[in-house]
Amino acid sequence: DINVTFPTDYQSTDLAGKKAVFTVTVNKISRPYTEVNDEFAKAAGFDTAEAYMADLKDRTIKNYLYSYITGNSKIIELPSDEDGNSYEYFKSYYTQMAASYGMGFEDLLSNYQMSEADFKKEMLTEEIIFYAAIDKLGVKVTKEEVNKEVEEMAKLNSTTADKVIENYGENFTEFIYVQSTVIERLFETVKIIDKA
């Protein structure tokens, strides 16, 4: 039996704030096991099992860094609409998504019981955190470096840099660069500490 209490702001007012018990039956516990050998590594695009495991370790550390930064940061103040952030990209994306369900943007916010200010905070939290982090690291964002990131994104998605910018906007593509740069810089520090 799993005892839960629904949040007081739960979307179904019948359940909001109420206690419930979910009774579950565990039929089987199993853990798949795949031997990581050179054959497995080659199928995954690596030369050896050792190279695969090293890459897995690096990705795990980067994922942890990302989770740590986003989970241990607090937003004190939202930027203004003139600050060149990615809010318009997110608003446009969710407006189109709502339209595909026959709703307006305001209907979408209402369904999630959010004000537009709450939605803006939700959408911009990571951006605010990573721009603060890159400032703290003293890294300057240049147009050339952002353009390189956009070219990489275009290659990965078999499209053009212009199409990437058209789809995501300049502010969001810059944010992607900032995010990956912060994680890479922190990762380099972890690697130095790991070797010590």
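Predicted model: local features only at pLDDT ≥ 70, side-chain atom pairs only at ≥ 80, totals over all residues.
Trainee: Why does Glu116 count as partly exposed?

Mentor: Glu116 has 33% relative accessibility. Buried needs under 20% and exposed needs over 50%. Glu116 therefore counts as partly exposed.

Trainee: What makes Lys91 and Glu116 a salt bridge?

Mentor: The cut-off is 4 Å from a Lys or Arg side-chain nitrogen to an Asp or Glu carboxyl oxygen. Lys91 and Glu116 come to 3.1 Å, N to O. Lys91 lies in helix H3 and Glu116 in helix H5, so the pair ties together parts that are 25 residues apart in sequence.

Trainee: How many salt bridges does the whole structure have?

Mentor: A search finds six. Among them is Glu152 with Lys155, at 3.6 Å, N to O. Both residues lie in helix H6, three residues apart, about one turn of the helix.

Trainee: Why is Lys155 called exposed?

Mentor: Exposed starts over 50%. Lys155 has 61% relative accessibility, so Lys155 counts as exposed. Glu152, with a relative accessible area of 43%, is partly exposed.

Trainee: Why are H2 and H5 called roughly perpendicular?

Mentor: Their axes cross at roughly 105 degrees and come within 10 Å. Roughly perpendicular covers 65 to 115 degrees. H2 and H5 are therefore roughly perpendicular to each other.

Trainee: Which residues make the contact?

Mentor: H2 brings Tyr66, Ile69 and Thr70, while H5 brings Glu126, Ile129 and Phe130. By class, that contact has four nonpolar, one polar and one charged residues.

Definitions and conventions
Residues numbered from 1 in each chain as written. Heavy atoms only, no water. Axes fitted to C-alpha atoms, helices over the stretch in contact; angles between N-to-C directions. Helix = DSSP H or I, 4+ residues; strand = E, 2+ residues; numbered from the N terminus. Parallel < 35°, antiparallel > 145°, perpendicular 65-115°, else oblique. Contact = heavy atoms within 4.5 Å. Nonpolar A, V, L, I, M, F, W, Y, C, P; charged D, E, K, R; others polar. Buried < 20%, exposed > 50% of the residue type's maximum accessible area, 1.4 Å probe, protein only.
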